[in-house]
Amino acid sequence: MDLTLSHWLYLIGTLLVILTMLFRQNVVVPALVMSFFVAWSFTGSFLDGIQAIFNANLTAATELFNIFLIIAVMTALLRMIQSIGADEQMVQPFQKVMKNGTLSFWVLVVVTYILSLFFWPAPAVPLIGALLIPVAIQAGLSPIGAAIAISLAGHGMALSSDFILKVAPELTASSSGALEASAIGEQTLILSLVAGAVSLTMAYFMVRKSIKKPAKQNLTEWEKSGDDDLNLNADDTEVKKGKYSPVFAVLVPGIFLVIVTYVVVATFSDVVPAIEDGAGSALVGGTAILLIIVMSLFRDYKKTLQEVSDHIVKGFVFAFKVMGLVIPVAAFFFIGSGELAGQIFGTDSDTTPSFLFDLVQESQAFIPNNAFFTALGVLILGMVSGLDGSGFSALPLIGSLSEALAASTGMDPTTLASIGQIGAIWVGGGTLVAWSPIIAIAGFAKISVIDLVRKSFIPVVTGLLVTMIFALLFL
């Protein structure tokens, strides 16, 4: 198809947002302004352009609400755990293993990777953030170090292969008759491990200088650090330790361990009913709410009605503060999806162009007919397509492009598709997209999500380039 003025404005907006982020400036205004210009250009109506600003933000808020809700619920649970005095006792077993910052970094990597393979990062990250980040901080690891370990291991290494649930490889193979999901799954598992090894090693050496000696003071300073926007303890929660505190210190992680075990058993056998895609977060969130109510009853049943309400409200307030920066930026990139753009513009989704995907598809004509440049082109196209904050939505396009380009270069289409899938999900799934589920990681670590993205940029890009070369040489 021919690119329109709207496509070029969308491209300018994308570059403007990326450059603004790289220069450490706030990206909200560029995203809002370019949303208006793209909508105005496409609809031909100034008023429709103005309305699209609001509609785009409403659509983004709707699409991201599941992330928003899990942040709010898990934050409320963490406050309840703190108020009953079970938080310190709960993390004591982990302290025996996470004795220093270095061990903490790699323990976070291993735990996050394993849980995310079976459980997907979205529901796994809140558990890890609430239970293990405080332990890592006390052991001397910096908040940014803890966040990077969880982000790269979960939203990068585990999600990019999606080896257990296999949603990603099936999407990649769905638009091509020459690709098999099983073959893509096997190759992406290998490539994801290579990308993870490179990026996580680089990230560790980047944060190693900030590692402190283990001390209770590290945790105390972290709990009081930052401004109120990212401070879970900005208000003074009354702590009331009692005979039930040790019980809940064991019960809370124990229940979540049972949930994880259930998912693992359901994945590999028919003994228990399988968990449907997306149901993991609901199971974790619902369990967290019930735990909040039960703990409040045991803490002081006379105050349960008010206390549960207070914790949940504070959880929502915290989630709003974390998500406030993200929604306007996500709104702009959601315009790049034809289906969502149709909702935003009030037009038929079948006739509304997918600006981002159209730009990616048109750019394939500029990829040289050479194995190295073809692989690099597919990797870059995958990374760009991941800017929508998902990484999954463009996988069918990646699969069809890989089949077409492989035919002209004599390459294995499975290898090309695997490279594209790794690039799309590492970026959009998302280690380099501030409007993706890594918002939750930054929230629990009490750091800026923009800072997390910036710190991850060099390790992730280096890891993906090394992975591409590895694929060309060995697959």
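Reply: In α17, the buried residues are G338, L340, A341, G342, I344 and F345. Buried means under 20% relative accessible area, exposed over 50% and partly exposed in between, with a 1.4 Å probe and protein chains only. Helices (H or I, at least four residues) and strands (E, at least two) are DSSP runs, numbered from the N terminus. This is a predicted model, where local features need pLDDT of at least 70, side-chain atom pairs count only at pLDDT 80 or more, and totals for chains, interfaces and linings use all residues. Residues are numbered from 1 along each chain as its sequence is written, and side-chain values use heavy atoms, with hydrogens and water left out.

Me: Why is α17 described as largely enclosed?

Reply: Because 6 of the 8 residues of α17 (residues 338-345) are buried, the helix is largely enclosed by the rest of the structure.

Me: What covers the buried residues of α17?

Reply: The cover includes α2 (28-43), α3 (46-63), α16 (326-334) and α18 (355-363). Just after α17, G346 has a positive phi of about 75°.

Me: How many residues of α16 are buried?

Reply: 9 of the 9, so α16 is largely enclosed by the rest of the structure as well. They are V326, I327, P328, V329, A330, A331, F332, F333 and F334.

Me: Different topic. How do α19 and α21 pack?

Reply: α19 (residues 371-385) and α21 (residues 413-431) pack at an angle of about 30°, with their axes 7 Å apart. Axes are lines fitted to C-alpha atoms, for helices over the stretch in contact, and angles run from 0 to 180 degrees between N-to-C directions. The two helices are therefore roughly parallel to each other; angles under 35 degrees count as roughly parallel, over 145 as roughly antiparallel, 65 to 115 as roughly perpendicular and the rest as oblique.

Me: Which residues make the contact?

Reply: From α19, T374, A375, V378, L379, G382, M383 and S385; from α21, L416, I419, G420, G423, A424 and V427. Contact means heavy atoms within 4.5 Å. By class, the contact of α19 with α21 has 8 nonpolar, 5 polar and no charged residues. Ala, Val, Leu, Ile, Met, Phe, Trp, Tyr, Cys and Pro count as nonpolar, Asp, Glu, Lys and Arg as charged, and the others, Gly among them, as polar.

Me: And α11 with α23, at what angle?

Reply: About 145°, for α11 (residues 181-207) and α23 (residues 449-474), with their axes 8 Å apart. Among the contact residues are V194, A195 and V198 of α11 and G463, V466 and T467 of α23. The contact of α11 with α23 has 15 nonpolar, 4 polar and 1 charged residues.

Me: Is A195 buried or exposed?

Reply: A195 is buried, with a relative accessible area of 1%. Leaving out residues up to four places away in sequence, A195 touches W426, G463 and T467.

Me: Now T287. Where does it lie?

Reply: T287 is in helix α14 (residues 279-300), and at 15% relative accessibility it counts as buried. T287 touches I255, F256 and I259, not counting residues up to four places away in sequence.

Me: Last one. What is the phi of D162?

Reply: Near 45°, a positive value in a residue other than glycine. D162 is found in the loop between α9 (143-161) and α10 (167-173), and is buried, with a relative accessible area of 2%. K446 also has a positive phi, of about 60°, although it is not a glycine. Most residues other than glycine have a negative phi.
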